[in-house]
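Q: Can we go through this model together? I'd like to start with helix packing, then move on to rings.

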Amino acid sequence: MASSRRQFLTHTVIGLASTAVSAAPDAGTPTPAGAPPTFGAGPTVGPEVSPTTFAEAEKLMQVRLTPEERAQAAGNWRVSLAPLQERRTGPRTLALEPTLSPASQWNPSLPGFKSTAPARDRFVRSRATKTPLPTKEEDIAFAPLTQLSRWVESRAITSERLTQLYLERLKRFDPRLQCVITLTPELALAQARQADRDIAAGRYKGPLHGIPWGAKDLVDTAGIRTTYGAEPFRDRIPTTDAAAVERLHRAGAVLVAKLSLGALALNDVWFGGETKNPWLLEEGSSGSSAGPGSATAAGLVGFSLGSETGGSIVSPSMRCGITGLRPTFGRVPRTGAMTLCWSLDKLGPMTRGVEDSLLVLAALNGPDAGDVASVQAKLDFDANASVKGLRVGYVPAWMKESPATDVDRAALETLKGLGMTPVEVQFPDWPYSSLNVILFAEAAAAFEELTLSHGVDALRMQVPDAWPNLFRQSRFLSAVDFVQADRLRRKVAQEMARVMSQVDVLLVPSLRDEILTISNHTGHPSLTLRTGFVEVSQARSDWAPDPKRPVPTFATPRRVPHGVTLIGQLFDEGTLGRVGIALERASGVAGERPPGF
């Protein structure tokens with residue numbers, strides 16, 4: 001039975017600052033009837049600590065204790081806070097299943113703010129045009145999903161032929177791009193032949209029916225390895241499909257490949273190498289949705305499925321010149337997908353056109369019981385609707401400085417020319433990077449066993465900004481700071497709600513750090529699309545500068561695609577798509593292909 005508070009205080013350290021006194025309770029002293037349990041009255045556990053231990057730890061936590069406070073803390077640590085680690089350190093250890101979500105959940109829809117979610121379900125595709133099937137296979141391969149689906153539906157091309165075309169391209173170009181982890185030819189051809197039979201029999205399932213696609217290799221595929229791009233999981237074979245995979249199968253899509261991701265969803269280096277940007281093979285494709293970005297840009301798949309926690313759809317979409325749609329947090333269920341951060345992870349389409357991304361989103365949309373954060377949300381989209389009169393917000397200072405370019409500024413002018421109303425908005429100058437306490441703490445928790453067992457030591461990248469070091473460092477984050485970051489998150493979400501109440505969409509430089517952090521934590525949807533080209537004199541990298549790994553430089557600048565990002569209202573991907581389609585058409589650069597593919 002626990003000691004009384006009075007007994008605990010009697011045994012607590014009251015000595016000099018330099019002395020650490022044991023505060024273990026006297027087991028022989030009976031507890032008076034009616035005395036409540038107290039903190040710090042359990043058995044002594046864990047290694048000895050001293051005031052010096054706390055003095056050193058203060059440097060990590062950036063707090064300062066007096067000598068007396070250090071002595072008091074050291075004196076009863078082993079009976080006060082060390083026992084709180086029993087779940088992990090024993091004697092009663094308890095493993096937490098990978099599928100177990102935290103009790104706390106992030107809800108992007110804040111109480112007290114007017115809902116911006118659409119009131120109806122509606123999906124209107126762009127009008128069909130009679131475009132003949134090209135004679136060149138590469139022209140077929142690079143066609144957007146909108147066109148591929150029309151050809152398959154009309155039986156101008158069979159799914160089997162289209163699947164064989166993409167499988168051949170995947171085999172031919174992957175040695176240059178390193179974007180494929182596992183090809184799935186047997187499954188793909190079986191699915192394609194079934195699609196052809198269904199379509200011939202009049203059982204057409206919709207625009208994804210018979211279309212070959214690739215999955216970022218962190219969504220489970222039954223009987224097909226799902227590796228997370230990481231050495232410890234390279235032979236992992238799940239027994240069931242992820243919810244998103246099952247939905248795409250149900251829509252008739254044909255899985256041709258599991259595509260690369262940076263190990264455990266960070267950047268673009270995996271156990272097989274560095275995935276390359278088809279437009280500039282001297283650099284990585286960016287990550288962590290590296291393979292989807294590279295394969296989609298090179299015309300190796302009809303579309304792909306990526307994921308984002310803090311920029312993993314936005315960054316490779318911009319660098320590889322494709323369209324990436326990051327849905328509102330909760331719209332697409334993550335059941336069966338690798339967890340990096342329960343309150344931040346999102347699955348979304350990566351395509352060669354804006355409308356393509358909405359076609360895929362429609363198939364993925366809806367809750368699943370396996371993902372407690374998933375919600376029922378309507379999708380209202382009309383590809384033919386005008387954008388005239390819609391309000392486009394922008395931050396003037398962000399548009400004037402790096403990472404914004406002339407392409408970003410031209411995109412804003414293009415939207416004005418389309419009849420949209422520009423609205424200047426401002427965000428407070430707050431420490432948004434403090435929100436990443438949530439990312440690092442959740443990620444370290446998700447991979448606790450791998451970290452503590454030194455499984456992360458097998459990962460290829462062991463630099464300071466890679467996961468192994470960050471997971472280890474995150475063990476020393478303060479739980480108090482985690483709660484404060486969570487409170488800051490709500491404050492930031494309230495500010496984001498204020499800004500978004502003034503506009504219909506927000507146009508931002510794609511890799512502006514503040515808005516990447518803000519919008520991922522608030523859960524707002526984003527759409528990244530190519531709107532122009534820039535020249536670069538050196539290869540770009542996701543990694544911190546390292547003299548041991550210098551990036552290539554170019555005597556003659558290289559021309560590469562550049563995209564902007566639109567951020568929409570919560571659950572209003574339909575308006576986001578309308579604006580994106582208008583900007584895509586007006587920019588006139590979506591059809592240009594990377595040379596050599």
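Predicted model: local features only at pLDDT ≥ 70, side-chain atom pairs only at ≥ 80, totals over all residues.

Q: OK. At what angle do the axes of H15 and H18 cross?
A: Roughly 130 degrees, and the axes come within 8 Å. H15 covers residues 436-446 and H18 covers residues 479-500. That makes H15 oblique to H18. Angles under 35 degrees count as roughly parallel, over 145 as roughly antiparallel, 65 to 115 as roughly perpendicular, the rest as oblique. Axes are lines fitted to C-alpha atoms over the stretch in contact, and angles run from 0 to 180 degrees between N-to-C directions.

Q: Left-handed or right-handed?
A: H15 passes H18 in a left-handed crossing.

Q: Which residues meet there?
A: From H15, Val 437, Ile 438, Ala 441 and Glu 442. From H18, Asp 481, Phe 482, Ala 485, Asp 486 and Arg 489. Contact means heavy atoms within 4.5 Å. By class, this contact has five nonpolar, no polar and four charged residues. Ala, Val, Leu, Ile, Met, Phe, Trp, Tyr, Cys and Pro count as nonpolar, Asp, Glu, Lys and Arg as charged, and the others, Gly among them, as polar.

Q: Now rings. How many aromatic pairs?
A: Twelve. Rings of Phe, Tyr and Trp (its six-membered ring) pair if their centres lie within 6.5 Å; planes under 30 degrees apart count as stacked, over 60 as edge-to-face, the rest as tilted. Phe 173 and Phe 597 form a tilted pair, 5.0 Å centre to centre with 55 degrees between the planes.

Q: Where do those two sit in the chain?
A: Phe 173 is in helix H7 (residues 159-177), and Phe 597 is in the segment after helix H20 (573-587), 424 residues apart.

Q: Buried or exposed?
A: Phe 173 is buried at 5% relative accessibility, and Phe 597 is buried at 7%. Buried means under 20% relative accessible area, exposed over 50%, partly exposed in between (1.4 Å probe, protein chains only).

Q: Which residues form an aromatic cluster?
A: Phe 440, Phe 447, Trp 467 and Phe 471 form one.

How values were computed:
Residues numbered from 1 in each chain as written. Heavy atoms only, no water. Helix = DSSP H or I, 4+ residues; strand = E, 2+ residues; numbered from the N terminus. Left-handed = near helix turned anticlockwise from the far one by under 90°.
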